[in-house]
Amino acid sequence: MQPVELEEPQALQQMPAPQPTSTAQNLSTGSAILFSALLASGLTLRVALPLRWFSWHPFLMLLGFISFACAGIAAKTKGGRTNTLNHGYLMCFATACCLGGWYVIHEQKNMLGKPHITTWHAYFGLAVIILYTLGAAGGLAALHPDFGVARTSQDFRRVHKWSGRFATFLSFVALATGWVKLSSNLETVLLVGLLALLSWAVLLPPAWRMGTTASAAI
Ligand code: HEM
């Protein structure tokens, strides 16, 4: 009788932990997007009223980086095929928002006859636009789970992962340097606090965070 009692708990311990279904993974990513998109919209209303052509610039940038990019990076950190695909789609959405936001401000400056790329905000912004476009195109062509040409290359995956995190951190710097032009110092400090929190929660690999031992899945 005794061996049977001992075997059962051991067998249970060896069983793999149940994996969330792809519906559960999609729901978790979807709620992260919904919450952060509401946050991005609220921040836009705070900084870009009255609504006008220019307002699309902060809106698209906040939506792209606070919502799509953060949800996309968080999805990838969880690992698995569904999360990897969600990551790819969301990073492409973030890039599309970024290019749209750039088009808006470029046209705005043309309409007003102002010179282009003259401030630190514009330098950071341009670096983000270039890095994100390269990251999305490279990720799609090389790392798609079905047809990516370098999907088994650990070196390529590492470069993609760290350049993506760096570009997203730069996007936070661009968000803050853009925000400060239109808002009070106190609100800029609050935004920087929010961005620091996001950097900790999303950009820091899980294994580096206190009390977490799971490793990044890429
Ligand atoms: C990651 C997010 C962002 C990126 C990549 C970005 C990118 C850019 C770029 C490239 C320009 C220069 C366009 C040109 O000279 O032709 C620019 C200008 C501008 N942006 Fe942003 N932006 C971002 C977020 C924001 C936010 C959140 C705001 C406001 C809350 C903002 C406000 C402005 C303003 C007022 C200008 C015109 C002044 C200047 O050229 O510095 N931006 N942005």
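Student: Which residues of the largest nonpolar core touch the most other members?

Tutor: L62, C70, A94 and L175 do, in a core of 35 residues. A nonpolar core here is a set of buried Ala, Val, Leu, Ile, Met, Phe, Trp, Tyr and Cys residues joined through C-beta atoms within 7 Å. A residue is buried if 20 or more other C-beta atoms lie within 10 Å of its own, exposed if 12 or fewer, and partly exposed in between, with C-beta atoms placed from the backbone.

Student: Which helix supplies the largest share of this core?

Tutor: Helix α3 does, with 15 residues. At least two residues each come from α2 (22–47), α3, α4, α5, α6 and α7. Helices (H or I, at least four residues) and strands (E, at least two) are DSSP runs, numbered from the N terminus.

Student: Before I go on, what kind of model is this?

Tutor: It is a predicted model, in which local features need pLDDT of at least 70 and side-chain atom pairs count only at pLDDT 80 or more, while totals for chains, interfaces and linings use all residues. Residues are numbered from 1 along each chain as its sequence is written.

Student: How many helices and strands are there?

Tutor: The chain has seven helices and zero strands. Buried residues account for 28% of its 218 residues.

Student: Back to L175. What does it touch?

Tutor: Leaving aside residues up to four places away in sequence, L175 touches M61, L62, F65 and L195. Two residues are in contact if their C-beta atoms, placed from the backbone, lie within 7 Å.

Student: Now α7. Which of its residues are buried, and against what do they pack?

Tutor: L191, L195, L198 and V202 are buried in α7. Seen down the axis of α7, the buried residues fall within an arc of 55°, so they line one face of the helix; the arc is that of the directions from the helix axis to the C-beta atoms. These buried residues pack against α3 and α6.

Student: And which exposed residues are on the face turned away?

Tutor: That face of α7 carries N185, L186, V189, G193, A196, L197 and W200 as exposed residues.

Student: What about L194: buried, partly exposed or exposed?

Tutor: L194, in helix α7, is partly exposed because 16 other C-beta atoms lie within 10 Å. L194 and F172 are 22 residues apart in sequence and 9.8 Å apart in space, C-alpha to C-alpha.

Student: Changing topic, which residues come nearest the ligand?

Tutor: M61, H116, A122, G125 and G178 come nearest, out of 27 residues around the ligand. A residue is counted as near if its C-beta atom, placed from the backbone, lies within 6 Å of the molecule.

Student: Which helix gives the largest share of that shell?

Tutor: Helix α6 does, with seven residues. At least two shell residues come from each of α3 (56–78), α4 (81–112), α5 (120–143) and α6 (154–182).

Student: Where is I117, and is it buried or exposed?

Tutor: I117 lies in the loop between α4 and α5. I117 is exposed, because 11 other C-beta atoms lie within 10 Å.
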